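Subject: Structure handover

Hello,

Here is the structure I promised to pass on. Please open it alongside this email.

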Amino acid sequence: MGVDLSVRLGPLKLKNPVMLASGTASYGEEISRVYPLSRLGAIVTKSLTLKPRKGNPPYRVIETPSGMLNSIGLQNVGVEAFCREKLPYLRKERATVIVNIAAKRIEDYAGLAARLDREKGIAGIELNVSCPNVKEGGLEFGTSTRCITEVVRGVRKETRLPLITKLSPNVTDIVSMAKAAMDGGSDAVSLVNTFLAMVVDIRKKKPVLSTGTGGLSGPAIRPVALRMIWQVYSALKCPIIGIGGIMNTEDALSFMMAGASAIQVGTANYVNPKAPLEILQGLESYAKKEKIRRIETSVGSLRAEPSYG
Amino acid sequence: MIHPIHQLKAKVTGQIKVAEESFLLSLEAPPIAKMIRPGQFIQIGCSEKYDPLLPRPFSIYRVRQKRYLDILYEVVGCGTEEMAKAKKGNRLNIFGPLGNTFSYPKKRAMSFLVGGGVGLAPFYDLAEALVDPKRGKQRKEDVKVLLGARNRKRIFCENDFKRLGTPLEIATDDGSYGYKGFVTQLLETLLRDHPPPPTPHPPLHLYACGPKPMLRAVAELAKKHRIPCELSIDAHMPCGYGICFGCAVRVNGDYKLACTDGPVFKAEELVWE
């Protein structure tokens with residue numbers, strides 16, 4: 001008997017819950033040298049901006065205990081080059097494509113969404129309202145409920161595509177941020193982006209990263225990410241995509257039990273390129289062993305009192 | 001044609017200490033060994049428990065029987081410390097081949113392969129390819145390897161090059177073996193004997209791998225003597241295959257990725273800080 005691995009995130013139906021996290025899979029070409037992209041629930045492509053961006057100077061990355069710090073600075077080809085040069089390949093590979101977008105102004109988010117809405121082969125849009133590494137006087141959308149709602153609303157007007165809002169964990173109350181996104185018309189939330197952090201080179205008396213601070217990812221953040229998912233699920237029961245140091249099937253299951261309908265694999269792609277496939281196979285084996293016919297029934301199946309956070 | 005990336009749990013078939021803090025690790029990895037070309041690298045997960053988390057990039061010292069990969073490395077941090085503990089029969093998570101390749105001179109040429117410490121790592125494989133009648137088509141006496149080391153305790157692999165039949169010259173910082181001084185100073189003396197064309201000598205090609213100050217010095221010499229020069233660079237490289245954008249290097253007016261645009265760059269492309 002086959003296991004139904006498909007999951008639903010509001011209007012977005014995925015063939016399985018395993019996705020590639022934005023910024024850790026580029027635009028898919030490299031990963032497809034390892035396995036066919038069509039195997040996965042979806043790929044979320046690297047954040048696009050209206051104009052191409054060169055990114056930050058080196059050093060952009062540094063390893064930390066059970067994790068890593070990055071400050072790439074939204075290096076990307078820009079939305080036009082993406083539509084022209086990257087999207088056709090993803091269509092040919094029959095990948096389920098979610099396009100992540102980032103901007104400094106609501107009009108730019110809206111413009112990006114309107115442009116992508118004209119393209120075939122896009123399953124949804126993920127809003128990056130939370131990049132910690134780009135600060136050029138723009139609003140920090142991801143840390144204000146009002147801003148989150150306005151950004152989502154602005155994008156919602158421009159597209160019928162399913163909308164996911166990727167939230168920053170660098171806030172005091174993640175539940176209110178998730179609620180703000182859903183209030184604006186988001187179909188789901190991705191939890192969480194990286195944690196603002198830093199590493200110092202004591203010999204040089206300087207931060208290691210060229211921008212001073214960066215975003216922490218990897219297993220180091222997993223318990224905190226998991227707690228945030230549990231809080232949001234307990235409070236809102238909205239569709240959630242869990243992200244944060246997921247390395248294997250056990251991690252993925254814990255996120256799903258805490259309330260994530262799907263999960264994104266990020267840093268693990270660097271360590272073990274086949275991690276997403278292994279997680280997918282692991283979920284299937286788990287379901288068979290536990291006699292679960294639909295993996296979706298595991299979502300939010302945690303037996304615990306709702307979170308008090 | 002985009003080549004596949006092979007990921008496997010490669011069996012350790014041996015590990016020997018070749019000099020102070022320096023090891024030669026042998027891995028059985030047929031799919032990678034069959035495909036990999038001089039200059040390319042693989043990522044090695046240093047411990048089975050993902051601690052440290054990220055894999056480390058290593059160039060290939062030698063490919064044997066299209067089946068085994070020999071990795072020459074120095075213990076420099078927690079990753080290589082773990083790797084040095086690997087015993088015969090252990091398995092390490094590896095993937096590759098990754099990155100671009102060195103190019104071969106189109107006609108007869110003199111090649112100098114300059115390695116600083118374990119920067120020598122890619123040059124046995126390259127020397128072997130250069131003198132291969134089917135690949136580089138160069139004469140053995142035209143492929144000269146220069147090894148720079150801190151002192152005589154840090155010298156390795158001398159016999160391998162003797163067996164290959166390509167000349168090897170060694171420089172030590174303290175003069176305890178071979179030429180006394182930096183390998184770049186040794187290179188400079190050799191270049192003095194080798195004026196730019198038109199001369200009776202075949203044209204020169206430079207290849208270098210090693211610490212950044214050494215690469216910079218080689219690049220400056222190449223510019224001064226107008227010699228084509230390829231540098232293999234090392235960088236913080238989380239993924240190694242172009243998905244994280246972490247290993248940016250400065251090139252004229254832009255950034256390139258060390259892992260997919262490199263690790264081999266033309267010397268004149270790179271911007272030194």
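Predicted model: local features only at pLDDT ≥ 70, side-chain atom pairs only at ≥ 80, totals over all residues.

**The contact between the chains**

Chain A and chain B bury about 2900 Å² between them. Carbon and sulfur atoms account for 62% of that area. Chain A puts 33 residues into the contact, and chain B puts in 28 residues. Which residues of chain A lose the most area to chain B? They are A:Arg33, A:Glu63 and A:Tyr270. Together these three make up 25% of what the chain A side buries.

There are 11 residue pairs in polar contact across the interface of chain A and chain B, with both residues at pLDDT 80 or more. On the chain A side, the elements that give two or more residues are strand E5 (61–64), strand E6 (67–70) and helix H7 (268–271). By residue class, the side of chain A that touches chain B splits into 15 nonpolar, 11 polar and seven charged.

**Salt bridges**

How many salt bridges cross the interface of chain A and chain B? The rule finds one. B:Arg56 and A:Glu63 form a salt bridge through their side chains, at 2.8 Å from N to O. A:Glu63 also belongs to the trio that loses the most area on the chain A side.

Over all chains, a search of the whole structure gives 31 salt bridges. Side chains of opposite charge can pair when their charged atoms come close.

**The cavity**

The structure holds one cavity of 30 Å³ or more. The volume of the largest cavity is about 500 Å³. Its lining counts 35 residues. Nearest the centre of the largest cavity lie A:Ser22, A:Thr24, A:Asn70, A:Asn193 and A:Thr194.

Which elements of chain A give two or more residues to this lining? They are strand E4 (42–48), E6 and H7. E6 and H7 of chain A also give two or more residues to the side that touches chain B. What is the make-up of the lining? Its residues divide into 18 polar, 15 nonpolar and two charged.

Best wishes

Terms used: Residues numbered from 1 in each chain as written. Chains lettered and ligands numbered in written order. Heavy atoms only, no water. Contact = heavy atoms within 4.5 Å. Buried area = accessible area lost by both parts, 1.4 Å probe. Salt bridge = Lys/Arg side-chain N within 4 Å of Asp/Glu carboxyl O. Polar contact = N/O pair within 3.5 Å; in protein donor to acceptor, adjacent residues only side chain to side chain. Helix = DSSP H or I, 4+ residues; strand = E, 2+ residues; numbered from the N terminus. Nonpolar A, V, L, I, M, F, W, Y, C, P; charged D, E, K, R; others polar. 1 Å grid on protein atoms, 1.4 Å probe; cavity = no way out; pocket = protein on both sides within 12 Å on 5 of 7 lines; lining within 4 Å. Points joined across faces, edges and corners; volume = space filled by probe spheres on them.
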